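I am opening my notebook on a new structure. I will jot down what I look up, one topic at a time.

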Amino acid sequence: MKDLNLRRFRYFFEVYQRGSISAASESLNTSPSVVTRQIQLLEDELQTVLFERHSRGLRPTESARHLSDFWNDLHARYEQFEDRLSALRGLQVGAVHLAVSEGYVPDLSEHVIRKFNAQYPGVEIRVDVMPVGHIVDSVADGRAHIGIAFNPEPRPDIEVVYSVCQPAELLIRADHPLARRKTSVSIAELFTCKLALMPVENGLGQLLHTVAHDEKVELRPALISNSIAMIREFVLGSSGAALISGFEQMRRKGDHTLVALPIDHPLLLNPRAALIVKRGRPLGVAAEYMLTSIPQTMKLFTKVLAPTRSTRHRVALRKD
């Protein structure tokens with residue numbers, strides 16, 4: 001192990017992530033033979049087999065999974081070391097990678113990133129928008145430093161730093177008959193609506209499919225889309241409805257054409273929006289500052305009742 005060539009880890013990790021030599025070589029812009037040779041040399045150095053060949057590519061061994069964890073931890077430590085050095089220079093450089101649900105983008109952009117960019121212009125911020133399951137995987141795999149996800153399922157490798165109750169609501173036009181009533185919507189009324197739904201891999205999609213299963217109702221949506229903009233246009237242009245969350249954070253200023261009504265069902269009244277990190281992963285200074293800033297400035301977390309906080313230690317947000 002003392003002679004382990006860390007440069008070969010890059011080849012290993014690409015093969016581990018992509019599942020084949022050809023995909024890894026394309027990503028690394030090199031030939032498959034070079035990738036194969038580097039993997040062989042790494043296996044010789046470690047005196048273990050890292051991948052088993054099968055018809056659809058390469059299957060990582062248990063040794064490969066341990067090596068991946070080691071590489072992720074090493075990479076995180078190195079990233080933290082770089083950021084600690086940058087902190088001594090006044091946080092002039094650094095990087096933060098976030099994975100978020102689409103509905104949180106306007107709030108995050110306006111109340112967090114804009115201010116953060118102005119205060120720390122040398123820090124590079126990357127935001128990937130994806131379904132809730134992909135957000136959790138991205139944080140767990142170490143690709144994203146921070147995730148903001150709607151109702152993620154608990155996992156031992158994920159720490160919920162901060163969460164707030166964010167009920168699901170029925171989005172309808174202001175002139176819809178249900179809107180004129182100004183009361184909550186029953187589950188029976190929900191399922192009589194012409195619905196636009198998020199896909200099942202989305203947090204809201206999963207939630208409604210669970211409710212439909214419990215109520216023994218067959219879902220027949222008029223539209224399925226992973227785009228909030230598409231769903232909003234569907235509701236605006238028809239007498240239809242959609243299941244959403246965080247309407248106040250998404251509402252356009254001065255726009256009163258749409259309203260969101262509460263739905264009288266326990267599963268739809270109690271989901272949570274969660275700020276998550278990988279459990280045990282050390283974060284660099286820039287990511288720690290971002291993690292401290294989000295619950296202090298993002299409307300999602302400052303305007304909604306019933307927050308829960310982790311006891312995880314955070315650096316203090318600089319005021320200068």
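Which helix supplies the largest share of the lining of the largest cavity? I looked it up, keeping in mind that this is a predicted model. Helix 9 does, with 4 residues.

**Entry on the cavities.** I got a count of 2 cavities of 30 Å³ or more. The largest cavity holds about 40 Å³ of space. I listed its lining: Ala-196, Leu-197, Met-198, Leu-204, Gly-205, Leu-208, His-209 and Leu-243. Helix 9 covers residues 203–215, and strand 9 covers 195–197; each gives at least two residues to this lining. I then sorted the lining by type and found 6 nonpolar, 2 polar and no charged residues.

**Entry on the whole chain.** I find 14 helices and 14 strands in the protein chain. The chain has 320 residues, and 48% of them count as buried. Its accessible surface comes to about 16,800 Å², with 52% belonging to carbon and sulfur atoms. I also checked contacts with a separation of 6 or more: residues 24 or more positions apart account for 75% of them.

**Entry on helix 1.** This helix spans residues 8–18. I noted its buried residues as Arg-8, Phe-9, Phe-12, Phe-13, Glu-14 and Val-15. Just after helix 1 comes Gly-19, with a positive phi of about 85°.

**Entry on Pro-266.** I found Pro-266 in helix 12, which runs over residues 266–269. Is Pro-266 buried or exposed? Its relative accessible area is 57%, and exposed means over 50%, so Pro-266 is exposed. I also looked at Val-211, 55 residues away from Pro-266 along the chain. Their C-alpha atoms are separated by 9.5 Å.

Definitions and conventions. Residues are numbered from 1 along each chain as its sequence is written. This is a predicted model: local features need pLDDT of at least 70, side-chain atom pairs count only at pLDDT 80 or more; totals for chains, interfaces and linings use all residues. Side-chain values use heavy atoms; hydrogens and water are left out. Buried means under 20% relative accessible area, exposed over 50%, partly exposed in between (1.4 Å probe, protein chains only). Contact means heavy atoms within 4.5 Å. Accessible areas come from the Shrake-Rupley method with a 1.4 Å probe; for residues, only the protein chains shown count as cover. On a 1 Å grid over the protein atoms alone, a cavity is a set of points where a 1.4 Å probe fits but cannot get out, and a pocket is an open set with protein on both sides within 12 Å along at least five of seven lines; lining residues have an atom within 4 Å of a point. Grid points are joined across faces, edges and corners, and a volume is the space filled by probe spheres set on the points. Ala, Val, Leu, Ile, Met, Phe, Trp, Tyr, Cys and Pro count as nonpolar, Asp, Glu, Lys and Arg as charged, and the others, Gly among them, as polar.
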